[in-house]
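Hi everyone, thanks for coming. Let me put the structure up, and then we'll walk through it together.

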Amino acid sequence: MSAISKRFPGVVALDSVDFDLAAGEIVALVGENGAGKSTLMKILAGIIRADSGAIHIDGTPVTMPGPGDAARLGIAVIHQERELIDTLDVAGNVFLGREPTRGGRLRLLDRRRMHAETQQQLARIGVQIPARTPLRDLSAAQQQLVSIVRAISMNARMLILDEPTSSLPSTDAERLFDVLRELRRSGTAIVYISHRLKEIEILADRAVVLRDGRNAGTLARDAISHDRLVQLMVGRVVDKVSPRVEAPAGPAVLRIERLRTGRYPDVEISLDIHRAEVLGIAGLVGAGRTELAEAICGVGPRRSGEIVLDGRPLAIHSARDAIRHGICLVPEDRRRCGVVAPMSVRENVTLPALSSYARLGLIGRSAEATAVRRMAAELTVKAASIESPVATLSGGNQQKVVLAKWLALRPRVLVFDEPTQGVDVGAKAEIHRLIRTLAQEGAAVVLISSDMEEIVAESDRVAVMHDGRITGVLPRSRCTPESIMQLAVA
Amino acid sequence: MTRKDLGVLLLFVVLCVIVAAASPQFLSVANLQNVGRLVGTYGIFSIGVGIVIMTGGIDLSVGSICALLGVLLSMMLVEWGWPAGPALAAVLALGAGLGAAHGFLIARLRLQPFIVTLCGLLLYRGAARYVADDSTKGFGTGEGFEWLRAAAAGHVAGVPMPFVILCVIAVVAWLVVHRSVYGRHLIAVGHNEEASRYSGIRTIRVVAVAYVISGLLAAVSAVIIAFYTNSVSPASHGNFYELYAIAAAVVGGCSLRGGEGTVLGIVIGAALLQVLRNLVNLLDIPSSLDFAVMGAVILAGAIADQVIARRSRRSLVGRR
């Protein structure tokens, strides 16, 4: 792939990126969130098209109008979400969409052939799973191996693995590495995308680093090291930081004690959040930040642990419980969890506090409208009127509606999960100003963000997460993109 | 009044004008009374089912509830000699109770509404036939519960009672759905249950209460219908009522995806269906075509609605 460029509305995702891959080679593709890794691989897999640049396979230029063409050329992608069907067995999944048939025009499934060939392929990469096992009986790791078998049974010569180990325990990851090495020996070219730099040190023959949509550098096998990778990822030389928890300035408003989330049930998290403070939570996608936020705010599962507000342990079993105690969440998925898009600005803003506008269960409509108009003006929500459906608003204004919803309740703790994702620059600044004001007024603010600049600029302290655990808490004076990244890829 | 309501109302008025023009009988007092009674009867349980549909659910059990409660009402009054007051209270409580059971299974245990209420449809029909020993139950000469019969099947100043009751219930339902905290939560849950939960709404309770309302209104209808027909044959009484209710709600602007719909729309939808049936009657269309006419008109309405919605969406995108 040479000089690949791709722009999306408002951003240049890839700027003249070069990438090459040889048979029998494992190349790691590394970079921060948003560095362009996924975009580059989507172009290679024919899922999206590059604006400019060329792709050559075996020296021949190729065009890839769709994913089918990529598959024909022997390119297969193993996604983070495995695209397999739970109720089919292993063979059924391996042959999904190209089942062998028998019986001529009757087109009956040739199950015997499916099973035999699947078993053969499984044996080839040294995996012992019966081809008749229903997929749902397999572990996440085994399902991933089925995806790989599916790819190689389609004669894939190039295999792209996107964060294959993000949901696997480390022992299963080892098994996966063995399989990948086996494939390398037989000449398959493998692109390995991962945030786990340790794995890359172990596995990769070469590491290609992207930064802000450009080539940041390539490391040969012997040159791959954790520090070199981080340095290329953030673009500067990095001082080694020693993670340590700062002594809290005063009594904590919110204390999280030994909390375990549903996604990382083996990890206990403890964290203090102080009055009038913005606590940033940094980390890469999948580090467990959202799960932590949702557990605190009562919307996500909490396996165990205490949430202590002003020294009193709270019984939080639902969002309603958390809200009653003044703990509110601005969720990451705005359209699904933040707003009821078809309803009006007015109806959305008053949703959590409707009873306060009601007498005998009936809503006082003028009081409601007055309050909403005031909130909307305060937050400069740009909408045709407060009766406009939230769906018609821009992302930034939708986010302000979510904020207005909570500000009316005067929350003690407000948790923002990626509050400025998909928000334009102007609204972003306003949301930052609001976060600051909230903290100054005495609220405890938690700011989860993948936007490094945002985290560094807006936080008083930063907790960094990796693989479900907090790998360090940095005071403001020591918050730099480098120090955070160092902890985030631990 | 929403634009959708206006559309349904317009369709309703046009239909009435056509029927009136084609058959002068349509506007006769006797016919209007008859249609009014039917609109009242069907409108009441349609509102209940419509509220369930607003949550994104469905209630298929109302017809069988009418049969079961009709049979039980007759037995309480005639065979067991219960006074009218307690009998009425028991029937209403039973209706609400069955609705609560549906609500528990659907909202709390997360069973699918279609399955739960389909089982209700089968169960209560079977129960009705069993308790009645599959024989028709009636109300005899009606001694001792005259007031209840009058309240359910009589007239006030020439207006049939079912229609009067529908008007009262519609006003209350309008307040509940369009003016109360519960109604707002109902619509929010119907549109987006996840965001509602994140906003601290007790979504389980909101959904369950919708089924209680549906069960209760089915019970009210059951009393009215039982006294109107004056005989309850458990195998056929109330057959297809759930489909009338769903049709009324959908014609009236409810979306089966939830979140959409108005009480006024449902009432007009229910009225529209009865006028259609009346049309089949008055215009000497073979009554065997009754359902076919209804199906054709509803389908035409749904297609028109979809076409209009798509066009307005396109113009919205165009403006941007």
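Before anything else, a definition: I call two residues in contact if their C-beta atoms, placed from the backbone, lie within 7 Å. Please keep in mind that this is a predicted model, so local features need pLDDT of at least 70 and side-chain atom pairs count only at pLDDT 80 or more, while totals for chains, interfaces and linings use all residues. Residues are numbered from 1 along each chain as its sequence is written, and chains are lettered from A and ligands numbered from 1 in the order in which they are written.

Let's start inside chain A. How many residues of domain 1 of chain A touch domain 2 of chain A? There are 6, meeting 8 residues of domain 2 of chain A. On the domain 1 side we find 3 nonpolar, 3 polar and no charged residues; here Ala, Val, Leu, Ile, Met, Phe, Trp, Tyr, Cys and Pro are nonpolar, Asp, Glu, Lys and Arg charged, and the others, Gly among them, polar.

As for dimensions, the C-alpha trace of chain A spans about 70 × 60 × 45 Å along its principal axes.

Now the partner chain. Chain B brings 19 residues to the contact and chain A brings 23. On chain B's side, 7 residues are nonpolar, 7 polar and 5 charged.

Lastly, in chain A, 68% of the contacts with a separation of 6 or more join residues 24 or more positions apart. Thanks, happy to chat!
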